[in-house]
Amino acid sequence: MISFEEIIIIDKSLRIPVFMQITNSIIHNIRSGLLKSGLKLPGSRELASTLKIHRKTLQTAYDELMAQGWVEIIPRKGTFIVRDLPEIKPAKIPFSQQLKRYPDGTAFSIDEKRIPLYPSSNSTAPGSLILDDGLPDIRLAPTEYLLKEYKSLSNLSAFRKYYGYGGPRGTAYLLETLSVFLSETRGLLISEKNILITRGAQMGFYLAARLLLKPGDNVIVGEPGYFAANITFRNEGAHINRVPVDEFGIDVDIIESLCKKKEIKLLYVIPHHNYPTTVTLIPERRLRLLELAARYKFAIIEDDYDYDFQYNCSPVLPMASLDQHGNTIYIGTLTKTLVPAIRMGFVVAPENYINAISNLRRALDWQGDSMMEVAIAQIYKNGTIERHIKKAVKLYRERRDYFCTQLKEKIDKHITFKIPDGGMAVWTKFNDIDLKMVAEKALKKGLMMNDGSLFNNGNKNYNSARLGFASLNLDEQNKAIEIIKESIQ
Ligand SMILES: Cc1ncc(COP(=O)(O)O)c(C=O)c1O
């Protein structure tokens, strides 16, 4: 006689619903052979009373077992374990042909030159403090609201239409919401036809590079600049022309002289808080860039990844909001506004460009995550995103001020930096000491920080790091700076 009380294990402290725990227990016991095909299960009233649970819960478990094909109801007789169990058994392969070991590599060749060399993400030692290169504090992100929207939407039958395939540009609801939001907040006179939702800014760079560049084409980027975008352009075979970035942004005189010498296909600029140096491109230079782009007919990628995080004054309106000629491809992302793991960004451009990259995107990624896009649209619509930005800007401003004060107080004579007017990091030059060595020592003391090698280019060693202040609270900042101080000494 089988004791169901013993074989069905229920733990009410678990987050798995009780009916699912019962379902899983019964399936487990069928698989293990204890509950055999054809066996009659106790009636729901009887078993519910044995297990001391509500009869409805037990009935739900039986319904689930039936839906999965493990049990059947025979009218007027009861619930039975089916004779043909729903297990799909793989066809047996003769032992002699079975793999003893998975291959270490492919038998076909892979052209190493076609593999873009992005730096690998650093693995973190458990328990170590991370001084990142300018990331948001994930503890603040309104993910709870986002997930609440996601969950509540999933209960609506109208939401089910997003379960299927959709278009490559993104769900109409987010496109419409974002076009209104960007018109109101960034002066972009656009409709939903001018937007494509991406998985982060990086996808926007890739699509532009794939569509516009061929080997040998000239691309202009800032120096020092954003490695991830540069690698993407180089991977299409483009020739990268590096133009210095000074305290007012990228040097437009040098860009003009390059335009006079060769055909420029693409200019990549970071208008707010240039990566890595954190400077903002001044309005005069923005206007001149637009004039040059119109005159020499090159495309501008305006990577406004950090638009929302401005501490001393309002952000400068995007070049895309002033461009009458249609040279600007405006790229934004939610990486800083929410969290990097929610892969969502957008490209704003004239309609023909959006149509072209929509088709191109399909080759890589048939469509975005429609269900998450609708939930994101909801948190734009109900004001959650704007409230979060306001709150985060206030807090990050305080963290920036505290961090810079501590840098000055504790290690001032070893470093040079300017207080950034926005963004999430301080571009810090180490004067008299090797940054790589400092980062190595800091790691041994439990602090992970960038060693600046990402920003170096060829023979140029800036001996500088981006020290991210936004993701650390004041206590964590103190600890991090203390470790840097000890590592310098
Ligand atoms: C200059 C720059 N652009 C864009 C991004 C964001 O990229 P993504 O949206 O792909 O996460 C970052 C992230 O740090 C960045 O530094």
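## A buried threonine

Thr335 is buried, with a relative accessible area of 13%; buried means under 20%, exposed over 50% and partly exposed in between, using a 1.4 Å probe and protein chains only. You will find Thr335 in the loop between strand S11 (328-333) and strand S12 (345-348). Helices (H or I, at least four residues) and strands (E, at least two) are DSSP runs, numbered from the N terminus.

Setting aside neighbours within four places in sequence, Thr335 is in contact with Pro136, Pro340, Arg343 and Met344, where contact means heavy atoms within 4.5 Å. The side chains of Thr335 and Arg343 also make a polar contact at 3.4 Å. That term stands for a pair of N or O atoms within 3.5 Å; within protein, one must be able to donate a hydrogen and the other to accept it, and residues adjacent in sequence count only if both atoms are side-chain atoms.

## How to read the values

This is a predicted model, in which local features need pLDDT of at least 70 and side-chain atom pairs count only at pLDDT 80 or more, while totals for chains, interfaces and linings use all residues. Residues are numbered from 1 along each chain as its sequence is written, and side-chain values use heavy atoms, leaving out hydrogens and water.

## Around the ligand

Thr335 and Arg343 turn up again here: with Ala201, Asp303 and Thr333, they come nearest of the 13 residues around the ligand. A residue counts as near if one of its heavy atoms lies within 4 Å. By class, this shell has six nonpolar, four polar and three charged residues.

Which distances separate ligand oxygen atoms from polar atoms of Arg343, Gln202 and Lys336? A polar side-chain atom of Arg343 lies 2.8 Å from a ligand oxygen, a polar backbone atom of Gln202 is 3.0 Å from one, and an N or O atom in the Lys336 side chain is 3.4 Å from one. Taken alone the ligand exposes 400 Å², and the protein buries 92% of that.

## An enclosed helix

Helix H8 (residues 227-235) has seven of its nine residues buried, so it is largely enclosed by the rest of the structure. The buried residues are Phe227, Ala228, Ala229, Asn230, Ile231, Thr232 and Phe233. Their cover includes helix H7 (201-212) and strands S6 (218-223), S7 (239-246), S9 (264-269) and S10 (299-303). After H8 comes Gly237, with a positive phi near 90 degrees.

Conventions
Areas by Shrake-Rupley, 256 points an atom, 1.4 Å probe, with all protein chains shown as cover. Nonpolar A, V, L, I, M, F, W, Y, C, P; charged D, E, K, R; others polar.
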